[in-house]
Amino acid sequence: MFDINNFDGIIYGADYNPEQWPREIWREDVRLMNEAGVNLVSLGIFSWAHLEPQPGTYIFDWLDEVMDLLHEHGIGVNLATATASPPPWLSLKYPDSKPVTADGVRLEVGGRQLYCPSHKAFRTHVRELTEQLARRYQDHPALKLWHVNNEYGCHVDQCFCSLCAEEFRSWLRDKYGTLDTLNFAWGTAFWSQRYGDWAEIQPPRRAPTYANPTQQLDWRRFSSDNLLTLYRLEADVLRNMTPHIPVTTNFLGFLPGLDYFKWAQEEDVVSLDAYPDPGGSRPHFEAGMSYDMMRSLRGGQRWILMEQATSAVNWRERNSLKRPGLMRLLNHQALAHGASGLMFFQWRASRAGAEKYHSGMVQHVGPERSRVWQEVKALGQELKTLAELTQARLPARVAIMFDWNNWWALEIDSKPAALKLMPLVQKWYAALKQLGQNVDFVHPEGDLSAYDVVALPNQYLLSHPAAQNVRRFVASGGTLVSGFFSGIVDEHEHVQLGGYPALLGDVLGLWVEEWVVLQPHEKNQIQLLNSGTTYDVFNWAEVIHLTGAEMLATFQQDFIAGQPAVTSHHFGAGKAYYLAGDFPEEAVIDLLAQVLLHADVPMCRLPERLNVTLSELGETCVLHLLNVHPTQPLQIRLPDGGLCFENGTYLPQVMTLAPYGIALVRYHRSVRMDELQVQDEVSAHAPSP
Ligand code: GAL
């Protein structure tokens, strides 16, 4: 089977939509692709209407021609199953194949991704098209990879129609077996919600007030699974007909609707579409988090960046371009975080349609006079010198625990406060990166044994098996750091009684009695006992009672003044820390630095604009340093013995990293992050790009 790590170097390419262009352009396309070093294109993602213009009439001539042309020019094909956007005839022929919102509105023709995943005839058409494509191209030498559908759940991650209601009921029957079990799990004793017949159960459609929370949670689980069933339908066809060709479907990083831990187990290789906002203050943290999640989904396996923009997108309120150098830098970042393929949406910027103002490898201006094209071409050449990196692995000593079930549960309404998970995770991730760590994401029931430190920015929902997993990890010598409002409910969203977080109380050596939710105009403060440093606390604080834990910081104000705000506790051979409030990033950095120090994990303090990863490559180590600032250089003192990655010459120990500068440094021995120092940081808080 095709191996992404042996793809004749790093995969480089784009979505290719030749049906948008006359035939003459196709010849120019392949010539330019060769010039840019493109070796793979994603073909046919939105081609259903061109491949099957009428029900059952398939037209493949144009695709045959494109496949052959690409192959003649040495370009491989990541062939889409073309099911991402059904043609208008299909939606009109089967009006009930159009998805329905929670408010009961049926969505209409004119956009894309217009399908209900439960619709039987839609599924049949999907299967037939997939079979047709697999049959026709199974032996085509250009075919390297299957691209199933496109970004499942990107626009429509839940359909509330009656067909989905029926599927939901059958999913619930499989899960609970009896109505009594369901009634218990959903807590239907409250508000007269008891179900006496399966047929009474509905999706959580728009209701007079909060829908039952466990019903909502099961609905999110079902909706992810229901789309997965649709994916599986296509993947099964492909695996049967072309067992030698690997299968992927492109993910969207932290997409709320799909449990990617579950999905990724059904792919051969993970692929990602990433569009960090170049106008945002920290695009590298936004991107890096998704990259690290993709690497973590299949136990460290390298992955493909399937889509990104060469410059601006078209779908934000204001679409910043990527300044000269930023596109290259973000691609290096993906490589450093485990990508083996770097691809764009799309090859040629469209001249018509909804995405005509989205950048492409070939811009509207044409190649010769385009700054973006020069950068695209230069990157393609550069990647040829970096092929060895596809063999690197990124060992992490620290992992952030993450679970889609928790994300869904935390953000269901009727909580002590309307908490959002992502800002918390982003803050802890940014803190760990500024402490020089490679960061993995780990599922609560995943293998924790490889890590020294496991961080839970928030794990409101903690299943019993997950709690056991965490307990075992700490007991056998691991270090746990838990954020506030964690371990509160089990998998049914039932509160664990007896003082929060009941399932981890003995591990943490404390119990929480009350939550102090702060209004926007309110704040508290914490003071660290060892340094005297104080930090403001917003949004959330807690009333804690210690049952063996040691106090590391106290709250400073209100009726909890002098009471514990940060604690640590020995449990078995390990240690468990608790952060009892929503602390600012600087405080999280300070506290996590202390945790890493005690856990003997080497670290260094980096400015937020320096992205660092440390990977293992055979007997050597590679430091990948990226200065994510458009105008300010950085002076860095490297660990001793660094060699230039490209030519093996010794590097001076003090080096200047230019704005948007990149350095790849190889070491013969394993290198410690605490030997890296930033000497001349113009300002850690200078406005970022
Ligand atoms: C992706 C999608 C592409 C294109 C791109 C624009 O979400 O897969 O087809 O729409 O966004 O940024």
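The report below takes up the sheet, then the ligand, then the backbone.

This is a predicted model, in which local features need pLDDT of at least 70 and side-chain atom pairs count only at pLDDT 80 or more, while totals for chains, interfaces and linings use all residues. Residues are numbered from 1 along each chain as its sequence is written, and side-chain values use heavy atoms, with hydrogens and water left out.

**Sheet**

An open sheet of 9 strands runs in the order S5-S4-S3-S2-S1-S9-S8-S7-S6 with parallel pairing. Because strand S5 (247–248) and strand S6 (250–251) stand at the edges with a single partner strand each, one side of each is left without a neighbour in the sheet. Helices (H or I, at least four residues) and strands (E, at least two) are DSSP runs numbered from the N terminus, and two strands pair if DSSP finds at least two bridges between them. Strand S2 (residues 40–43) pairs with strand S3 (residues 76–80) in the parallel sense over 4 bridges, and Leu 40 stands opposite Gly 76 in S3.

**Ligand**

The ligand is surrounded by Phe 46, Arg 112, Asn 150, Glu 151, Asp 273, Tyr 275, Glu 307, Trp 315, Phe 345, Glu 355 and His 358, a residue being near a molecule if one of its heavy atoms lies within 4 Å of it. This shell divides into 4 nonpolar, 2 polar and 5 charged residues, where Ala, Val, Leu, Ile, Met, Phe, Trp, Tyr, Cys and Pro count as nonpolar, Asp, Glu, Lys and Arg as charged, and the others, Gly among them, as polar.

| Residue | Distance to a ligand oxygen atom |
|---|---|
| Arg 112 | 3.0 Å |
| Glu 307 | 2.8 Å |
| Trp 315 | 2.8 Å |

The protein covers 95% of the 310 Å² of accessible area that the ligand has on its own, with areas from the Shrake-Rupley method and a 1.4 Å probe.

**Backbone**

Phe 345, one of the residues surrounding the ligand, is joined to Gln 346 by a cis peptide bond with omega near -5°, and Gln 346 is found in the loop between S9 and helix H12 (371–384). A cis peptide bond also joins Tyr 500 and Pro 501, with omega about -20°; Pro 501 is placed in the loop between strand S13 (479–482) and helix H16 (505–508). Ser 414, although not a glycine, has a positive phi of about 60°, and its place is in the loop between helix H13 (404–411) and helix H14 (421–433).

Terms used:
Polar contact = N/O pair within 3.5 Å; in protein donor to acceptor, adjacent residues only side chain to side chain.
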